[in-house]
Amino acid sequence: MQAPTHILTGILLLGLFQVIFPAAPWWLQVVVVLPLSLASHFILDAVAIFTYHPPKADWKDWFWVSYHLIIYIGSIVLLVFFLVDSWWVIIAANFPDLIDWFILRVFFKKEPVFHPIADKLRNFLFNRTPNWNHKRWTIIIEFIIIGVLLASVLLLISFTSVSLIWLD
Ligand SMILES: [Zn+2]
């Protein structure tokens, strides 16, 4: 899935933990939420079979470029608001992408190490479902998921005492 989906999932997990266990010490929060955020990446990347994800970047395709521009800007906006209070879940939820697509691919020109695991999980869970990675309309599915996650996070911030965003 795209970065905003991973970012918001990590933040939501942190918020839910804080609501369910308001008196938990900070280290228990890290011990529980950090592995959950990391695990969420693999589950979401398996579900990404239903969303627009051409395997290769295509800078000549206006649709690919526009979509990814929106995704990058959205990610930056989320980071501006949430990075200060929720940085460690954001890193955990995006860790496989940071390692595979930035550090290994960009700096070392190496093959991914985390995403073959996500691919195995995807093949296990969705081996009979169609692959929609090239279907442009499926960006709607990603936007709906992002919208639901964002609404959930904002509801938590509005109606509970979670500390996820520097504005509160
Ligand atoms: Zn990924």
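**Notes on the fold and its contacts**

1. The protein has five helices and zero strands, counting as helices the DSSP runs of H or I with at least four residues and as strands the E runs of at least two, numbered from the N terminus. From the N terminus on, the order is therefore simply α-α-α-α-α. Please keep in mind that this is a predicted model, in which local features need pLDDT of at least 70, side-chain atom pairs count only at pLDDT 80 or more, and totals for chains, interfaces and linings use all residues. Residues are numbered from 1 along each chain as its sequence is written.

2. On overall dimensions, the C-alpha trace spans about 50 × 35 × 30 Å along its principal axes.

3. How much of the protein is buried? Of the 168 residues, 24% count as buried. The cut-offs rest on C-beta atoms placed from the backbone: a residue with 20 or more others within 10 Å of its own is buried, one with 12 or fewer is exposed, and anything in between is partly exposed.

4. Contacts here mean two residues whose C-beta atoms, placed from the backbone, lie within 7 Å. Among contacts with a separation of 6 or more, 81% join residues 24 or more positions apart.

5. The largest nonpolar core has 19 residues, and those with the most contacts inside it are Ile7, Leu8, Ile11 and Val89. Helix H1 (3–20), helix H3 (62–108) and helix H5 (139–159) are the elements that give two or more residues to this core. A core of this kind is a set of buried Ala, Val, Leu, Ile, Met, Phe, Trp, Tyr and Cys residues joined through C-beta atoms within 7 Å. Leaving aside neighbours within four places in sequence, Val89 is in contact with Gly10, Ile11, Leu13, Leu14, Val33 and Ser37.

6. H1 and helix H2 (residues 26–47) pack at about 145 degrees with axes 9 Å apart. Axes are lines fitted to C-alpha atoms, for helices over the stretch in contact, and angles run from 0 to 180 degrees between N-to-C directions. By class, the contact has seven nonpolar, eight polar and no charged residues. Here Ala, Val, Leu, Ile, Met, Phe, Trp, Tyr, Cys and Pro count as nonpolar, Asp, Glu, Lys and Arg as charged, and the others, Gly among them, as polar.

7. H2 and H3 also cross in a right-handed way, at roughly 35 degrees, with axes that come within 7 Å. Val33, Leu34, Ser37, Leu38, Ser40 and His41 in H2 meet Trp88, Val89, Ala92, Ala93, Phe95 and Pro96 in H3. These residues divide into nine nonpolar, three polar and no charged.

8. Do have a look at Arg122 in helix H4. Why does Arg122 count as buried? Because Arg122 has 20 C-beta neighbours inside 10 Å. Arg122 touches Ala46 and Ile49, not counting residues up to four places away in sequence. Arg122 and Ala46 are 76 residues apart in sequence, yet 4.2 Å apart C-alpha to C-alpha.

9. Pro116 also lies in helix H4, but is exposed, with 11 other C-beta atoms within 10 Å. Lys109, found in the loop between H3 and helix H4 (115–125), is another residue to check: its phi is near 55 degrees, a positive value in a residue other than glycine. Lys109 is exposed, with 7 other C-beta atoms within 10 Å.

10. Tyr67 is found in H3 and is partly exposed, with 18 other C-beta atoms within 10 Å; beyond four places in sequence, Tyr67 is in contact with Tyr52 and Ile139. Ile71, in H3, is likewise partly exposed, with 18 C-beta neighbours inside 10 Å. With the sequence neighbours within four places left aside, Ile71 is in contact with Gln2, Ala3 and Pro4.

Notes:
Left-handed = near helix turned anticlockwise from the far one by under 90°.
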